[in-house]
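Colleague: I am new to this structure and would like to learn how to read it. Could we go through it feature by feature?

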Amino acid sequence: MSLRIVPEEKQLTDAKNTQFGPAAPSAPGVVDTLRSGEAPLSISSKVNNRHPLQSRIEKWDQTQRDLQLETYRRTFGVADPIRREMELNIVKETDFRPTLFGFSAITSPSLDILLNKETTIGWEDIYTGFNDAKPTDFHTEMEKQMGI
Amino acid sequence: MDSINVDVGHLKKGEISMGTSIMAVTFKDGVILGADSRTTSGSYVANRVTDKLTELQDNIWCCRSGSAADTQAVADIVRYQLDLFKTMNGRSPSTRLSASIFQEICYNNKDSLTAGIICAGYDKGKGGQVFTVPLGGSMHQHEYAISGSGSVFIYGYCKENYKPDMTKQETIDFMKTSLSQAIRWDGSSGGVIRMVLLTADGVERLIFYPEEYNEELKD
């Protein structure tokens with residue numbers, strides 16, 4: 001609801017043990033290392049000793065989008081940003097990325113269109129290692145579809 | 001980690017500063033904005049002919065002080081919001097509205113910004129109006145306003161010499177003398193004095209070189 005133009009530099013003052021990754025289904029108190037493929041992480045390394053610009057760069061695109069949506073809210077009414085967010089969430093939940101594409105530049109065409117990025121190429125398309133979305137395997141897809 | 005310390009006075013390392021003298025004065029026919037023209041990076045003068053008077057709409061302008069990057073970014077966003085308002089509503093925004101948008105942005109982002117703005121405009125209904133939005137993001141309306149690092153030296157002079165409803169030439173002379181004194185005493189202010197007049201006749205830009213405003217350089 002506010003005209004935030006740059007991301008804030010918030011040092012986290014508390015952290016949950018499952019804050020930085022999805023919880024394992026059978027052991028809900030622990031981050032799921034097998035599915036995420038990362039080593040067991042140290043929470044303090046994620047919370048402390050961050051670069052002063054880290055927060056700003058990570059949250060830049062989201063902050064600019066929020067500013068844009070806030071402008072739409074003031075101009076067109078409260079329904080407009082809600083609808084845009086709803087469409088984005090629907091696409092994020094249901095879009096299917098074949099494992100064949102793996103970590104390539106082809107993420108999700110629908111997502112690119114909604115975010116107005118389908119005609120541009122940025123660094124995130126070349127250095128794809130920072131993509132959070134992992135190519136989903138069959139089991140995760142089924143669980144998502146079944147709602148397990 | 002129990003409190004947030006906001007060092008609102010401090011520029012980030014290497015950031016370009018607009019240590020400045022800016023002022024805006026209402027008079028009989030409208031409002032005049034004035035500023036010096038020095039931009040510094042430490043003690044190095046990065047630009048000696050800066051234009052610190054920025055147009056937001058035809059009849060609404062602002063004076064910028066603080067970090068050059070921050071004030072440019074905020075002024076761009078405010079200009080965009082005002083253009084959008086004008087397009088969607090079919091009428092020009094008021095001076096109070098543009099100052100209000102400045103205030104909201106400066107307050108909500110006060111941990112990241114170093115921006116002191118004086119927003120002034122002329123419209124037929126209310127005449128000339130001056131709003132000042134200092135560092136923390138508050139908004140104050142005055143008949144005249146001074147701001148920037150050089151303004152501390154001229155508070156007394158301005159208080160004694162300002163009169164409401166002056167003529168155009170009286171106001172120009174008042175502002176020229178005030179800003180020349182601010183430039184004289186403040187190391188971060190200098191260069192030329194720029195002015196923008198907003199009246200019913202539209203916009204007029206004026207410039208005064210050191211030979212014209214500096215007593216010691218005359219004759």
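Modeller: Start with a definition: a residue is buried under 20% relative accessible area, exposed over 50%, and partly exposed in between. Keep in mind that this is a predicted model. As a case, Lys168(B) has a relative accessible area of 34%, so Lys168(B) is partly exposed.

Colleague: With which residue does Lys168(B) form a salt bridge?

Modeller: The general idea is that a side-chain nitrogen of Lys or Arg must lie within 4 Å of a carboxyl oxygen of Asp or Glu. Here the partner of Lys168(B) is Glu204(B), with 3.2 Å between the closest N and O atoms. This pair links distant parts of the chain, since Glu204(B) sits in strand 13 of chain B and Lys168(B) in helix 4 (residues 168–185) of chain B, 36 residues apart. Glu204(B) is at 33% relative accessibility, so Glu204(B) counts as partly exposed too.

Colleague: How many residues apart are Arg205(B) and Asp51(B)?

Modeller: First, the bond itself: Arg205(B) forms a salt bridge with Asp51(B), and the closest N and O atoms are 2.7 Å apart. The two are 154 residues apart, with Arg205(B) in strand 13 (residues 202–208) of chain B and Asp51(B) in the loop between strand 5 (44–47) and strand 6 (53–57) of chain B. Arg205(B) has a relative accessibility of 41% and therefore counts as partly exposed. Asp51(B), at 30%, is also partly exposed.

Colleague: And in chain A, is Glu58(A) buried or exposed?

Modeller: Apply the cut-offs again. Glu58(A) has a relative accessible area of 52%, so Glu58(A) is exposed. Its salt-bridge partner is Arg50(A), with the closest N and O atoms 3.1 Å apart. Arg50(A) is at 31% relative accessibility and so counts as partly exposed. Over all chains, the count comes to 13 salt bridges.

Colleague: What does the overall make-up of chain A look like, in helices and strands?

Modeller: Chain A has 8 helices and 0 strands. Of its 148 residues, 18% count as buried. To see how the chain folds back on itself, take contacts between residues at least 6 apart in sequence: in chain A, 53% of these join residues at least 24 apart.

Colleague: How many salt bridges does the rule find across the interface of chain A and chain B?

Modeller: The rule finds 2 salt bridges there. Arg74(A) forms a salt bridge with Glu104(B), with 2.6 Å between the closest N and O atoms. Both residues belong to a network of salt bridges that also includes Glu70(A) and Arg73(A). There are also 8 residue pairs in polar contact across the interface.

Colleague: Which way do the residues of strand 11 of chain B point?

Modeller: For a strand, look at the two faces in turn. In strand 11 (residues 144–147) of chain B, Tyr144(B) and Ile146(B) point one way, Ala145(B) and Ser147(B) the other way, and all are buried. Then look at how strands pair: strand 2 and strand 11 of chain B run antiparallel and are joined by 4 bridges. In one of these, Val25(B) has Tyr144(B) as its bridge partner.

Colleague: Where does Thr20(B) lie?

Modeller: Thr20(B) lies in the loop between strand 1 (17–18) and strand 2 (22–27) of chain B. Its relative accessible area is 0%, so Thr20(B) is buried. The side chain of Thr20(B) makes a polar contact with the side chain of Lys52(B), at 2.9 Å. Leaving aside neighbours within four places in sequence, the residues in contact with Thr20(B) include Asp36(B), Arg64(B), Ser147(B) and Asp186(B).

Note on methods:
Residues numbered from 1 in each chain as written. Chains lettered and ligands numbered in written order. Predicted model: local features only at pLDDT ≥ 70, side-chain atom pairs only at ≥ 80, totals over all residues. Heavy atoms only, no water. Buried < 20%, exposed > 50% of the residue type's maximum accessible area, 1.4 Å probe, protein only. Polar contact = N/O pair within 3.5 Å; in protein donor to acceptor, adjacent residues only side chain to side chain. Contact = heavy atoms within 4.5 Å. Pairing = 2+ DSSP bridges.
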